[in-house]
Amino acid sequence: MKRPEYFFSPPRGFMNDPIPFYHAGQLHLFYQATLDAAAWSRKFYGHSVSRDGWHFETRPDALTPGSPCDALHCYTGSVIAGGDGNFYCFYTGVNADGQNIALAVSSDLDRWHKSADNPQLTAPAGYDTANFRDPCVYRENGVFRMLAGARNLQGGSEILRYSSPDLKQWHPEGVFYRDAANSEFFECPDYFELDGKKILLFSRNGRTFIAAGQEIDDRFVPEKIQSVEAGGRSFYAGKSYADDAGRRFLIGWIPAVWSPEVQQEAGWGSLQSVPLELRYRDGGFRFTPLLPPELPLCLAGNLAADSAPIQLHLSGNRGRITLAPGFLEVKVDESHYHRPFVTPRDFSRVHGDFSGAYTLRVTCDRNIVLVDWNHEIIWIEPIWSE
């Protein structure tokens with residue numbers, strides 16, 4: 001199984017949730033990983049660094065389980081600069097008692113030291129100790145705040161918020177967001193401002209969702225919610241970062257579609273997406289893939305509303321892609337896949353009116369196919385590769 005050149009793959013083992021952090025012109029990509037390429041074993045934090053989002057240098061592993069608060073796993077969290085010359089990684093510790101919020105500190109982003117005061121937070125009274133995780137820490141008006149996914153004892157899913165003056169003492173602020181109509185757990189929350197809106201990012205039921213809204217009485221009230229349309233279930237646990245120019249980017253986990261046997265033989269499994277630049281325009285979100293100019297173009301051209309469908313055949317009789325105004329269909333040989341594809345898809349519902357001409361591109365990074373319309377991503381998926 002060949003590695004893509006520009007979509008990040010782990011040096012070894014299996015990888016899932018990304019934890020991106022941008023500092024001094026470099027993207028530090030932390031991520032959950034296991035040493036086993038095909039099994040859900042003990043989770044640690046891998047770490048790689050890039051200046052362009054495509055070419056990565058492997059750094060030492062950042063966190064490994066084994067202390068009392070994380071005897072089983074180190075799950076998703078976030079990294080923030082503390083303003084004192086140190087960097088703070090708040091992460092989910094997993095032990096026999098359940099899940100908790102723990103802290104590790106570094107002066108250089110390479111060597112991390114776990115706090116002697118761990119855990120920093122445990123599930124509050126009335127909440128399930130097995131479902132309290134994925135801290136997102138940010139700074140707002142001189143105050144540090146933390147979001148964490150939680151499940152109450154009635155089975156409801158919530159995002160709780162905490163505040164701190166110093167990243168040490170955390171004060172509960174109650175429920176920040178709740179969806180009474182859906183009890184699926186809020187994983188990997190992220191929160192930031194963009195184009196004059198408060199933006200809440202979270203993942204549930206195999207998809208990443210993004211919401212624009214405002215805070216009313218210390219709660220987030222959404223005005224617009226949509227999923228990150230990047231191939232259905234092929235973009236999960238999405239998290240964001242801002243570069244030196246203030247541009248906001250998303251990175252999401254692309255789950256493995258290959259069989260466990262193929263992953264074991266290759267020694268690695270799953271990918272991270274290329275960065276997607278995020279904008280909020282005309283009441284909707286736009287996701288523009290950051291692609292290297294040398295990435296091969298399989299197809300590029302203009303289509304109008306009355307254009308005939310275009311078919312692109314994948315090499316080795318692995319399948320074909322059919323593109324038509326407002327519609328995308330992918331047919332592949334699924335004999336090697338561990339999960340089914342989610343196409344065909346009608347993306348006109350997401351991207352609106354297709355009555356005029358538009359530009360459609362298909363780019364291929366070895367076993368990854370990416371389709372974008374007017375430079376906005378509409379589909380991304382691993383394709384079987386020998």
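1. Start with one pair of residues. Val49 has Glu57 as its bridge partner in β4. Strand β3 (residues 44-50) and β4 are joined by 3 bridges. These two strands run antiparallel. Bear in mind throughout that this is a predicted model.

2. Now widen the view to the sheet. β3 and β4 belong to an open sheet of 5 strands. The order is β4-β3-β2-β1-β20, and the pairing is mixed. Which strands stand at the edges? They are β4 (56-58) and β20 (268-269). Each has a single partner strand, so one side of each is left without a neighbour in the sheet.

3. Next, the loop between β1 and β2 (26-34). Ala24 lies in this loop. Its phi is near 50°, a positive value in a residue other than glycine. Most residues other than glycine have a negative phi. Is Ala24 buried or exposed? Ala24 counts as exposed because its relative accessibility is 56%, and the cut-off for exposed is over 50%.

4. Compare that with Asp134. This residue is in strand β10. Asp134 is not a glycine, yet its phi is positive, about 65°. Asp134 counts as buried because its relative accessibility is 3%; buried means under 20%.

5. Elements that give two or more residues to the lining are β1 (13-23), β5 (73-81), β10 (127-140), β14 (187-194) and β18 (236-242). Which element gives the most? It is β10, with 5 residues.

6. Look at the make-up of the pocket lining. Its residues divide into 14 nonpolar, 7 charged and 2 polar.

7. In soluble globular proteins, nonpolar side chains tend to be buried together.

8. Find the hairpin made by β12 and β13. Strand β12 (residues 157-164) pairs with strand β13 (residues 171-178) over 6 bridges, in the antiparallel sense. Opposite Tyr162 stands Pro172 in β13. There are 6 residues between the two strands. In the turn, Leu167 has a positive phi of about 65°.

9. The bond from Asn118 to Pro119 is cis, with omega near 0°. Most peptide bonds are trans. Where is Pro119? It is in the loop between β8 (113-114) and β9 (121-122).

10. Finish with Gly213, in strand β16 (residues 207-216). Gly213 is buried because its relative accessible area is 4%, under the 20% cut-off. What does Gly213 touch, leaving out residues up to four places away in sequence? The contacts are Lys197, Lys198, Phe220, Val221, Pro222 and Glu223. Leu200 is 13 residues from Gly213 along the chain, and their C-alpha atoms are separated by 8.0 Å.

Methods:
Residues are numbered from 1 along each chain as its sequence is written. This is a predicted model: local features need pLDDT of at least 70, side-chain atom pairs count only at pLDDT 80 or more; totals for chains, interfaces and linings use all residues. Side-chain values use heavy atoms; hydrogens and water are left out. Helices (H or I, at least four residues) and strands (E, at least two) are DSSP runs, numbered from the N terminus. Buried means under 20% relative accessible area, exposed over 50%, partly exposed in between (1.4 Å probe, protein chains only). Contact means heavy atoms within 4.5 Å. Two strands pair if DSSP finds at least two bridges between them. Ala, Val, Leu, Ile, Met, Phe, Trp, Tyr, Cys and Pro count as nonpolar, Asp, Glu, Lys and Arg as charged, and the others, Gly among them, as polar.
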